[in-house]
Amino acid sequence: MGVKFEPKILAFLCKWCSYASADLAGVSRFQYPSNIRVMLTMCSGRVDPVFVMEGLSSGFDGVFVFG
Amino acid sequence: MQVVGHLLEIAGIGRERLQLRWVSSAEGQLFAEYVTELTQLILGSGSLDRERFKLPLAAAKQALQAPPLRWLMGMEKQLTERENVFHEKLEAGSYHLILEQRAEEEYQKALLCETLREGPKTVRQMAQETGLPVYTVSLRLNHLERSGLADVSGHEGTTFKFKLLAA
């Protein structure tokens, strides 16, 4: 394989906890992989199991939920 | 999330493709660490072959929309810690067992629905396409028939063919 496989990952972030921590990670310049695509939710409890399947069937290789 | 994990596992997609972590707003470092660690994990599992898993993906999604399963999800505290009107409680173990069994059942039914979407099929054809045992196909098909989702559409020699009724 010539090109290295870069997984596409869907990340659900809670507005009040993990989104703020992602923000902090950015501001503090902590390095982390750029494979995640962030989806902001008002609460991680809002993430319906169906969203996960929808993500996987529409092109993502993995789904993370951060609360 | 436990149910989705179980479904991903029985569908052969892999439980590790869904990850849940707790990060507070003060833990930027932790967030970066988790993303690094989990991305490595997905990297190890490789790309998800959407063509190959088309049927399981669609079925898992449909199963998660099934009302009986949705009613059960997130009821753990209610059913295992609080009593019902008869002062009966469920063991945590039996609650998880019921949840997983129900999820598997809904998944298998959804799998059959998905294969029948392409047109009428015999039980053996369905078993071959879904990879389920013939007996399981018959059981789930019986459920679908009774709930008015499938019916006999004709014969192929002496074998019945089944079709999906408009849901």
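What does the secondary structure of chain A come to? In this predicted model, chain A has two helices and three strands. From the N terminus on, these elements follow the order β-α-β-α-β. The C-alpha trace of chain A spans about 40 × 35 × 10 Å along its principal axes. Of the 67 residues in chain A, 43% count as buried. Among the contacts of chain A with a separation of 6 or more, 79% are accounted for by residues 24 or more positions apart.

One residue of chain A may be described on its own. A:R29 is placed in the loop between α1 and β2 (36-41) of chain A. The phi of A:R29 is near 60°, which is a positive value in a residue other than glycine. Most residues other than glycine have a negative phi. A:R29 counts as exposed because 8 C-beta neighbours lie inside 10 Å, and a residue is exposed if the number is 12 or fewer. Between A:R29 and A:K15 there are 20 Å in space, C-alpha to C-alpha, and the two are 14 residues apart in sequence.

Chain B contains eight helices and three strands. Along the sequence, its pattern reads α-β-α-α-α-α-α-α-α-β-β. The radius of gyration of chain B is 20 Å, whereas the globule rule gives 15 Å for 167 residues; the value for the chain is well over that of the rule, so chain B is more spread out than a compact globule. Along the principal axes, the C-alpha trace of chain B spans about 70 × 50 × 25 Å. In chain B, 28% of the 167 residues count as buried. Residues 24 or more positions apart make up 55% of the contacts in chain B with a separation of 6 or more.

The domain assignment divides chain B into domain 1 (2-117) and domain 2 (120-167). The centres of domain 1 and domain 2 of chain B, taken over C-alpha atoms, are separated by 26 Å. Eight residues from domain 1 of chain B and 16 residues from domain 2 of chain B take part in the contact between them. On the domain 1 side of this contact, the residues are four nonpolar, two polar and two charged.

Nonpolar side chains tend to be buried together in soluble globular proteins. In this model, the largest nonpolar core has 55 residues. Within this core, the residues with the most contacts are B:L7, B:A60 and B:Y107. Helix α6 (residues 92-116) of chain B gives the most to the core, with seven residues. Both domain 1 (2-117) and domain 2 (120-167) of chain B supply at least three residues each to this core. The surroundings of B:Y107 show some of the contacts involved. When its neighbours within four places in sequence are left aside, B:Y107 is in contact with B:L7, B:I10, B:A11, B:A59, B:A60 and B:A63.

Two strands of chain B are paired with each other. Strand β2 (residues 150-156) and strand β3 (residues 159-164) of chain B pair in the antiparallel sense, over six bridges. Within this pairing, B:V152 has B:F162 in β3(B) as its bridge partner. The two strands β2(B) and β3(B) form a hairpin with two residues between them. In the turn, B:G157 has a positive phi of about 70°. A positive phi is also found at B:H87, with a value of about 60°, although B:H87 is not a glycine. B:H87 is located in the loop between α5 (76-80) and α6 of chain B. With 6 other C-beta atoms within 10 Å, B:H87 is exposed.

The two chains also touch each other. The contact involves 32 residues of chain A and 33 residues of chain B. On the chain A side, the elements that give two or more residues are α1 (18-27), α2 (49-57) and β3 (62-66). Of the elements of chain A, α2(A) gives the most to this side, with seven residues. By class, the chain A side has 22 nonpolar, eight polar and two charged residues. Strand pairing also links the chains: β3(A) pairs with strand β1 (residues 18-21) of chain B in the parallel sense, over four bridges. In β1(B), B:L18 is the bridge partner of A:V63.

Methods
Residues are numbered from 1 along each chain as its sequence is written. Chains are lettered from A and ligands numbered from 1 in the order in which they are written. This is a predicted model: local features need pLDDT of at least 70, side-chain atom pairs count only at pLDDT 80 or more; totals for chains, interfaces and linings use all residues. Two residues are in contact if their C-beta atoms, placed from the backbone, lie within 7 Å. Ala, Val, Leu, Ile, Met, Phe, Trp, Tyr, Cys and Pro count as nonpolar, Asp, Glu, Lys and Arg as charged, and the others, Gly among them, as polar. Two strands pair if DSSP finds at least two bridges between them. The radius of gyration is taken over C-alpha atoms; the globule rule is 2.2 Å times the number of residues to the power 0.38. A residue is buried if 20 or more other C-beta atoms lie within 10 Å of its own, exposed if 12 or fewer, and partly exposed in between; C-beta atoms are placed from the backbone. A nonpolar core is a set of buried Ala, Val, Leu, Ile, Met, Phe, Trp, Tyr and Cys residues joined through C-beta atoms within 7 Å. Domain bounds come from an automatic or database domain assignment.
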